[in-house]
Every structure is written in C-alpha cells, then in structure tokens.
Amino acid sequence: MTDAAARPPVILSPSLLACDFTRLGEELATLKNAGVPWAHVDVMDGQFVPNISFGLPILAAARRASDLYMDVHLMIEQPERFLHDFAEAGADGMTVQVESTRHIHRAVGQIRELGKRAGVTLNPGTPLEMIRPVLADVDLVLVMSVNPGFGGQKFIGSSVERVRTVRRWLDEIGSAAELQVDGGVTAANARELVEAGATNLVAGSAIFGAAGGAAAGVQAFQAALAEQA
Ligand code: DX5
Ligand code: ZN
C-alpha cells in the first residue's frame, strides 16, 4: 500500500454530461474556482453506445470558456476519423475505447502525434488483457465502472479489482500514466478507488447533481479524499 502522504493529489475530472448546458461557462468557472484541474467531455455517437451526447461545437465552446484541461472520452466507432478534429476543437487529452477500433495501437499513436495525451479505456465486460499491449504507449488508462452511454448509473463493484490489476501492470512497467475511473463514482467510493490505485476520478451526477451545486459536490470529494485511510 502506497504511503498516502507520498501520493500526488488525485485529479478530479467532473463529467460535463451532467452539467447545465445553458450555463456551460459558469459551470466551468465554478469547477475552476473549486480547485478542479480537469473537465471530462463525454462524446457519444449513438453507435458505439446507445445514446448521443454532443460533439465538436460543445467542446469548442468549453475550450473558449475555460482553460481547464479538456479530458475527452470518445465513445464513438472508429475514433481515428475524428482525432484531428477533436484536437483542433480543444482537447488536451483523448481517450479511445479499445472496442471501437481495430487498430488501438495506431489510434493512441495518432493522438500523441497530434501533441495530445493519449488514453485507452474498455467496457466492464471487456477482458483487461485487451489493453495490456498498449499500456506503455498511453498517458492514461480509464477503467469504466459502468457500461458507457449514460450518466447516473450504479457503480459496478467488481471494477475495484480491475483497478488493482491495472495498477499492478502499470507499476510493473514503470508507467506514470494516470489511472482513471469513470461511472458511478461518488464521494462515498472515491477513497476505496484511490486505495486500489486510481489517480484520477470522473464524476458527473455526484458533482453536478449535488445538493448545493457543483461547488458542494467537489467539496464532498475533496473532503472524502483528504480523510486518512
Ligand atoms: C458514461 C460516461 C461517464 C458519465 C459518468 O458513459 O462515460 O463519464 O458521464 O456519469 P456518472 O458520474 O453520473 O456515473
Ligand atoms: Zn466518460
């Protein structure tokens, strides 16, 4: 178990999917003022996942409104087709689903060639071995803890063990990649995920749906993560 004091602060990446889009700029400013470094941007195409969210114009608007790190999660078929466009629209990092491309190694390489940080992710039902060949080639590994497509779903408990396994694999190769978890993450399970090796947490409904708004939601996470294990 890592010494809590030696760990860098956990990066919180609130999912804009749950924000009030009529007030996108204000929501981003609230996050910034609360000390959050990243914003998570969920792009869904109605093909890879059974839902459509939003795409390039919303990312571009978020980029114009804020200097937060734009953490773009691409839940789209053949993401290679759009990596250049999302980079142009303001992504700082792009995470691709291993199931969405026949050429995951090429896709993460293309993200880095665009000068962005490359992430790989996989659905809860996908064997972890699928991402192992590219672990040395990415800056972020995302363990999905719900089936992607919708916010507000229940955390799948077996994801904790998957986080532990990926943590071990990253440590074995000396990778400093972020280990992110997305789906059903709340202030109540944040600590357990960090103890399992996560360095980066996505949360949508737990932040934007908090009584008291996003600032209160962020504070709940900060308080939970500050508690001694
Ligand atoms: C799910 C998305 C998530 C989602 C998380 O498909 O990838 O980022 O917005 O929402 P919550 O935190 O509400 O589960
Ligand atoms: Zn996401």
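Helices (H or I, at least four residues) and strands (E, at least two) in these legends are DSSP runs, numbered from the N terminus. The model shown is predicted, so local features need pLDDT of at least 70 and side-chain atom pairs count only at pLDDT 80 or more, while totals for chains, interfaces and linings use all residues. Residues are numbered from 1 along each chain as its sequence is written, chains are lettered from A and ligands numbered from 1 in the order in which they are written, and side-chain values use heavy atoms, with hydrogens and water left out.

**View 1. The loop with Gln78.** Gln78 sits in the loop between β3 and α3 (83-89). Its phi is near 45°, a positive value in a residue other than glycine. Gln78 has 44% relative accessibility, so it counts as partly exposed; the scale calls a residue buried under 20% relative accessible area, exposed over 50% and partly exposed in between (1.4 Å probe, protein chains only).

**View 2. The zinc ion (ligand 2) and its donors.** Here His40 (NE2), Asp42 (OD), His73 (ND1) and Asp182 (OD) coordinate the zinc ion at 2.1 to 2.3 Å. Donors are N, O and S atoms within 2.8 Å of the metal (3.2 Å for Na, K and Ca), and water is not among the atoms, so sites may look incomplete. The six donor atoms make angles of 70 to 170°, and the site is octahedral (six donors, opposite ones over 155 degrees apart and all others between 65 and 115). Along the sequence, the donor residues follow the spacing H-x1-D-x30-H-x108-D.

**View 3. Polar contacts of ligand 1.** A polar contact is a pair of N or O atoms within 3.5 Å. An oxygen atom of ligand 1 lies 2.7 Å from a polar backbone atom of Gly149, and a backbone N or O atom of Gly152 is 2.8 Å from a ligand oxygen. His40, also a zinc donor, brings a polar side-chain atom to 3.4 Å from an oxygen of ligand 1.

**View 4. The shell around ligand 1.** There are 20 residues around ligand 1, and Asp42, Gly149, Asp182, Gly204 and Ser205 come nearest (a residue is near if one of its heavy atoms lies within 4 Å). By class, the shell has eight nonpolar, 10 polar and two charged residues, with Gly counted among the polar ones. The largest share, three residues, comes from β2.

Notes
A polar contact is a pair of N or O atoms within 3.5 Å; within protein, one must be able to donate a hydrogen and the other to accept it, and residues adjacent in sequence count only if both atoms are side-chain atoms. Four donors count as tetrahedral if all angles lie between 85 and 135 degrees; four count as square planar and six as octahedral if opposite donors are over 155 degrees apart and all others between 65 and 115; anything else is irregular.
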